[in-house]
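Here's a quick briefing on one model, sorted by topic. Have a look at the structure first, then go through the points below.

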Amino acid sequence: MSKRPDPKPPTRVRCAIYTRKSSQDGLEQEFNSLDAQRESAEAYIASQKAEGWTCLADRYDDGGFTGGNMDRPALGRLMADIEAGKVDCVVVYKVDRLSRSLIDFARLMELFDRKKISFVSVTQQFNTTQSMGRLTLNILLSFAQFEREIISERTRDKIAASRRKGKWSGGRRILGYDVDPVSKRLVVNEAEAELVREIFRMYVAKKSLLEVCRELNGRGIRTKAVTTPKGYAYGGREWDKAAVLKIFTNVLYRGRVRYKTETFVGEHDAIVTDALWNEVHELLRTNGRSGGMLVRNKHGALLKGLIHCGPCGVMMGHTTTNKGGSRLYRYYTCYRAQKQGWDSCPCRSLPAEQIEGFVIEQIKRIGKDPDLLSLTLARCREELGTRGAAAESEMADVERELTRLHADLRRTAGDAATNGHAVARLADLHLKVQAADERVATLRAEIAEADVGRMSKVEVDAALAEFDGVWTRLSPKEQARLMRTLIQRVDYDATKGSVSITFHPLGLRSLGQRAAPENAA
């Protein structure tokens, strides 16, 4: 009689437990929510011991992280260990602990399928190797994502309603105010409020953010130092321009609260008067604090970013030299010559004042020369026509791509119940459709812009007449801004001795529309 062979021991299944909690509330307790989730998962793994399941000692706990994205340290370690082949099964307390995003979860499932990882939710029994299990999983995830989005909408609505009623809705502590521990309202801290008013007055006197910083730092004054109840400290550092500007742009100091682009009367008291606030903001405006590139254009170079070297086809940069320390000389120089030497470009440095004056005179002369005016008008119409035709051509391509993507979506959706990879494919298709829809919206705007931008001779006349009238009244920075509105590019060719000016059609139109009401008044 032959002896029966010993039963084959079950294959060892290495189980990693993942836990997550959105907020940090209660995590300081000895036995918190993460511990409770892990205890339930350990009990489930113990019940499967006969099948070879063993619990890994490593903990993958994300305390205080949302499930709406994948930016979680413990989840990152878990995915790395899966890629390294250290894990055979992932166990969670509930599905939404792993993710509340259908797209993110589809990507995780694609990773699990590729690495042949089992996935178990202790309180929601399903088998992802079967079509019904995958369908159940997708339904659960859809509801998890729906719940997350509803929570987000409720939070945004609550903040919006609070701001409209003038309530401060929390955030970092602000110099000049304390927070009432009972009502949670802002109350004025008189000592700090006086410092805020002094900073405003200091800028009015010095007219320089940097000088204000130097004055504050020289007196040993630091930004407001705060330590949160949880021990996190911030502030207490030296002043810089960003910190000072933050003071000047905080509408709380006017007794108002901001929600997006609107401001509302707040429940708290103002610290600075409207007159002082307006005086500071007028100075900020004239100092060009929000002028972007124009702020860096400290020499008022009118053609900076516009003028190109004709033979080389590259931009000409604005340079300066100070001969003898008494007078500043400005030039436009080809970037190729700057980088590769003067032998690489036939154009020498071009005196800035000379070419700027020439361009301004040409703009004025166009309005007085009917032939030049007709040529300018024809070129503008041609430019708009080319731009509109290019947008319409691309629109046709994008719409064909959208039709193909929607057909692919319908086919893939039919396979989702029986094919695990179809879920990940659906997520990618939805992203592509979203990108295509956004591109269609952009192209429609460009086509509409080209249609409304077709100008008449009267509009061009008005634009050029307006230019001649306002130019001398503008500050150097405003002149540079107007030049960028009107002109698309200037090409200078020293070998031919020519200067070509390309107008920006919509810039001409906007200037002409501005002239019309003024002339009618």
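Cys55 is partly exposed, with 33% relative accessible area; buried means under 20%, exposed over 50% and partly exposed in between (1.4 Å probe, protein chains only). Keep in mind that this is a predicted model, where local features need pLDDT of at least 70, side-chain atom pairs count only at pLDDT 80 or more, and totals for chains, interfaces and linings use all residues. Residues are numbered from 1 along each chain as its sequence is written, and side-chain values use heavy atoms, with hydrogens and water left out.

**Cysteines**
- The disulfide count is 0, taking a disulfide as a pair of cysteine sulfur atoms within 2.5 Å.
- Cys55 is in no disulfide, and its nearest cysteine sulfur, on Cys15, sits 7.1 Å away.
- Cys213, on the other hand, counts as buried at 3% relative accessibility.

**Helix packing**
- The axes of α6 (residues 190–206) and α8 (residues 241–248) come within 10 Å and cross at roughly 105 degrees. Helices here are DSSP runs (H or I, at least four residues) and strands likewise (E, at least two), numbered from the N terminus. Axes are lines fitted to C-alpha atoms, for helices over the stretch in contact, with angles from 0 to 180 degrees between N-to-C directions.
- That makes α6 and α8 roughly perpendicular to each other, a label for angles of 65 to 115 degrees.
- Val196, Ile199, Phe200 and Tyr203 of α6 meet Val244, Ile247 and Phe248 of α8, where contact means heavy atoms within 4.5 Å.

**Cores**
- The largest nonpolar core has 38 residues, and Ile199, Phe200 and Val244 are among those with the most contacts inside it. Such a core is a set of buried Ala, Val, Leu, Ile, Met, Phe, Trp, Tyr and Cys residues joined through side-chain atoms within 4.5 Å.
- Two or more residues each come from α6, α7 (209–218), α8, β10 (256–259) and α9 (274–286), and α6 gives the most, with 8 residues.
- Setting aside neighbours within four places in sequence, Val244 touches Ile199, Leu209, Val212, Cys213, Leu216 and Trp239.

**Positive phi**
- Most residues other than glycine have a negative phi.
- Lys116 has phi near 55 degrees, a positive value; Lys116 lies in the loop between α4 (102–115) and β5 (118–121) and counts as exposed at 72% relative accessibility.
- Lys207 also has a positive phi, near 55 degrees; Lys207 is in the loop between α6 and α7 and is partly exposed at 47%.

Key: Parallel < 35°, antiparallel > 145°, perpendicular 65-115°, else oblique.
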